[in-house]
Amino acid sequence: MHRPTALGGALTALATAAAGVLVAAAVSTTPAAAAVGGTGTGYLHTSGNKIVDSTGATVRLTGINWFGMETDNKTFHGLWSSNPWRGQLDKMASLGYNTLRIPYSNDALKPGATASGINDFVNPDLVGLSPLQILDKVIDYAGGKGMRVILDRHRPTAAGQSPLWYTSTVSEATWINDWKMLAQRYAGNPTVIGADLHNEPHAEGTNPAATGACWGCGDTARDWRLAAERAGNAILGVQPNWLIFVEGVSCPSGGLSNVWDGDPSNDEDCGWWGGNLTKAKDFPVRLNVANRLVYSPHEYATSVYRQTWFDAPDYPANMPAIWDKYWGYLHKQNIAPIMMGEFGSTLADPKDKVWLENLMAYTGTGVNGMSFTYWSWNPNSGDTGGIALDDWTNINTTKQAILQPYLIPPVGGGGPSPTPTTPGPTPTTPAPTGGCTASYQQVNAWQGGFQGELTVKNAGTAAVNPWSVTWAWPSGVSLASGWNATVTQSGTTVTAAAPDWSRSLAAGASVTIGFTANGAASASGTVKLNGTAC
């Protein structure tokens, strides 16, 4: 998770759990198919300020964070909900998120680590699996939807974040060896595109007695730029195709200013934890494999900490210059790509809605815009909330509406258009001209319930707008949850109505409606698209 800037008196989390060096042999996993379309083909690399695929086509990562593997649960949060893990990924992809950033702690990678907080009635296929085995399944399924995955070393232990990439109990060697293990584990699987080396390096101690992460200071024990080179090059030695995502610091000196000494000359310009890349131009991260470096700042709003710039008289007009200073210049000067790894807000303060709208506009629209992964999918992020609501099924439509024009859905995700369009009259097509087809797949079953997916294709020659799918279940089968549509039940009839963010089903296009139900597993009866039987 994120924390406020060092200026806000951020707390220090010192890890206490012992961790040895983890050296693991390659684990055989089935690589997901190479992503196409929204996230490109094959492995990714960089070209100037762009991320490009194996064919040279520009790719924009428009993703989301799904956290939990860095906590005591050691696996994704929300697995306790009534929405199955596949259903949550289906919803993310259908909303247009083409990349998943997955935070973890080194605790979750230890031999014998156990995952907790899993609803075994809803997710029976996860029972008894280790955190890494669950990660394998999520990566495999996400890859099948055309999504990409970025792994994020979020914390040394589940206890909390750390200013430096190592602690007294988790050494630099453990950090690097765990990264090498992950790189080997997913070698050959282009779903996993890279490593976010360490989450939110930041200042600690008061200058001149700084003890936190600096940038360009030359102290090998504190210089985050040098540490990023050591870890990045070690990873690339195992997996040269990965992107290396490097966050900023908070204060380039690695220490907090002494605001009580009355000497403004040593008061430093600091930013968000992980968000200050002002020194990256003069002290760039140097990797042994060319075209693999992506800078990944974090950016937050007042619900995390009320920075002075939020109360400036020219807010929000002052914000682009602030973003330029801290990290945007790297993109604008064609030095390297930017992938904002975290940004978010509860939107409780009206200023935050303005902030988010202006930040998204700053990143640019279409495939040439800056990449990002929003924080977070989880509703239980205390100072930001999430895209998912507390039921882990329905979504925060206010946040989603702001992000929507900038999202480029993965192929197979079924999401809306990535580019803004001028609103106009919405045509209504009562039924598909030329019919429809439907296929049903039972994804899971357990005592007293089951999970299914119904895919409906508009086989006609015109779009159906808005679309609605109906089917019937036997008496005694009742709907528990649904996704990718507004799913309701009346008697034995189930209706899946088009969501606001994807009202039109184009000719030849398909939609996959996911659901869980109570009762004996049963295939859908006659399926109809806007009243026409498929």
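I looked up K74 first: K74 is buried, with a relative accessible area of 18%. Buried means under 20% relative accessible area, exposed over 50%, and partly exposed in between (1.4 Å probe, protein chains only). K74 has a positive phi near 60° and is not a glycine. I placed K74 in the loop between β4 (62-65) and α1 (85-95). Helices (H or I, at least four residues) and strands (E, at least two) are DSSP runs, numbered from the N terminus.

The model is predicted: local features need pLDDT of at least 70, side-chain atom pairs count only at pLDDT 80 or more, and totals for chains, interfaces and linings use all residues. Residues are numbered from 1 along each chain as its sequence is written, and side-chain values use heavy atoms, with hydrogens and water left out.

I then checked W392. Its phi is also positive, about 60°, and W392 is not a glycine. W392 sits in the loop between β13 (371-374) and α7 (397-403). W392 counts as buried, at 3% relative accessibility.

Next, the rings. How many aromatic pairs does the structure hold? I find 25 aromatic pairs. Rings of Phe, Tyr and Trp (its six-membered ring) pair if their centres lie within 6.5 Å; planes under 30 degrees apart count as stacked, over 60 as edge-to-face and the rest as tilted.

I picked out W323 and Y362. Their ring centres are 5.2 Å apart and their planes stand at 55°, so this pair is tilted. W323 belongs to helix α5 (residues 319-332) and Y362 to helix α6 (residues 350-363), so the pair ties together parts 39 residues apart in sequence. W323 is buried at 0% relative accessible area. Y362 is buried too, at 13%.

I turned to W471 and W473. This aromatic pair is edge-to-face, with 5.9 Å centre to centre and 75° between the planes. W471 is buried at 2% relative accessible area, and W473 is buried at 3%.

R86 lies over the face of Y141, 5.7 Å from the ring centre. The criterion is NZ of Lys or CZ of Arg within 6 Å of the ring centre and within 35 degrees of the ring normal.

Last, the cis peptide bonds. One joins N207 and P208, with omega about 10°. P208 is in the loop between β7 (192-196) and α4 (224-238). Another joins N465 and P466, with omega about -5°. I found P466 in the loop between β15 (449-458) and β16 (468-472).
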